[in-house]
Amino acid sequence: MDNPVIVAIDGPSGTGKSSTSKAVAAKLGLSYLDTGAQYRAITWWMLTNGIDVDDPVAVADTAGKPAVVSGTDPLDPQISVDGVDVTAPIRSQQVTAAVSAVSAVPEVRARMVEFQRAAAASATAGIVVEGRDIGTTVLPDATVKIFLTASAEVRAARRSTELKGAVSLAATQEALTRRDAADAGRKTSPLAKAADAIEVDTSDLTLDQVVDRVVALVEEKRATVR
């Protein structure tokens, strides 16, 4: 039997991580895990339960309370907290604005990393895991490490399209810049490209082109480890 393949896909917002990761997992018959959704889910719980997300001590003290369950089906990656489906609510602007602060708390990251490693270990065929610190911290021994990038202008345009114009392009780009700085500057597991990660610039590529590129890289690597 082939060894399970672990694919780590990292990168900042707006690079196409989620769309690419789900499509790659579906094409290769692998499980899928969106670690960003897990941090959004715990942030949603904090906000819903009146926890001051700007108070690291309060966040740390309650980090162990919510039960976050992530689906690993790339065609239907649902996520729940305490039995409540939060797949849609975690994409709200309120959660987006607060998730960097919550995910910077070491106790939150430690708990989520435990979940993420367990999910990878239990994926018998393999798994595609997307996030910001997968190749560097969560799964440093991943079979393949991909780091997606794109220009700031392209990323802002993509995110603005996702938001259906609810936020101006300038405001969207400013928010992405702040998020990048927060993610790259946090002390615990910052956003970073692993030394052995393959960088793929998605600025001028279609989604299909990015997916084909990543699938080819995975297949090439998988052929050498069978």
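## Helices H7 and H8

Helix H7 (residues 152-162) and helix H8 (residues 169-185) cross at roughly 115°, and their axes come within 9 Å. H7 is therefore roughly perpendicular to H8 (65 to 115 degrees counts as roughly perpendicular). Axes are lines fitted to C-alpha atoms over the stretch in contact, with angles from 0 to 180 degrees between N-to-C directions. Helices are DSSP runs of H or I with at least four residues, and strands are E runs of at least two, numbered from the N terminus.

In the contact (heavy atoms within 4.5 Å), Ala152, Glu153, Arg155, Ala156, Ala157, Arg159 and Ser160 of H7 meet Leu169, Thr172, Gln173, Leu176 and Asp180 of H8. These residues divide into five nonpolar, three polar and four charged.

## Basis of the model

The model is predicted: local features need pLDDT of at least 70 and side-chain atom pairs pLDDT 80 or more, while totals for chains, interfaces and linings use all residues. Residues are numbered from 1 along each chain as its sequence is written, and side-chain values use heavy atoms, without hydrogens and water.

## Helices H2 and H4

Helix H2 (residues 35-48) packs against helix H4 (residues 93-103) at an angle of about 105°, with the axes 9 Å apart. The two are therefore roughly perpendicular to each other. H2 contributes Tyr39, Arg40, Ile42, Thr43, Trp44 and Leu47 to the contact, and H4 contributes Gln94, Val95, Thr96, Ala98, Val99, Val102 and Ser103. By class, this contact has eight nonpolar, four polar and one charged residues.

Methods
Angles under 35 degrees count as roughly parallel, over 145 as roughly antiparallel, 65 to 115 as roughly perpendicular and the rest as oblique. Ala, Val, Leu, Ile, Met, Phe, Trp, Tyr, Cys and Pro count as nonpolar, Asp, Glu, Lys and Arg as charged, and the others, Gly among them, as polar.
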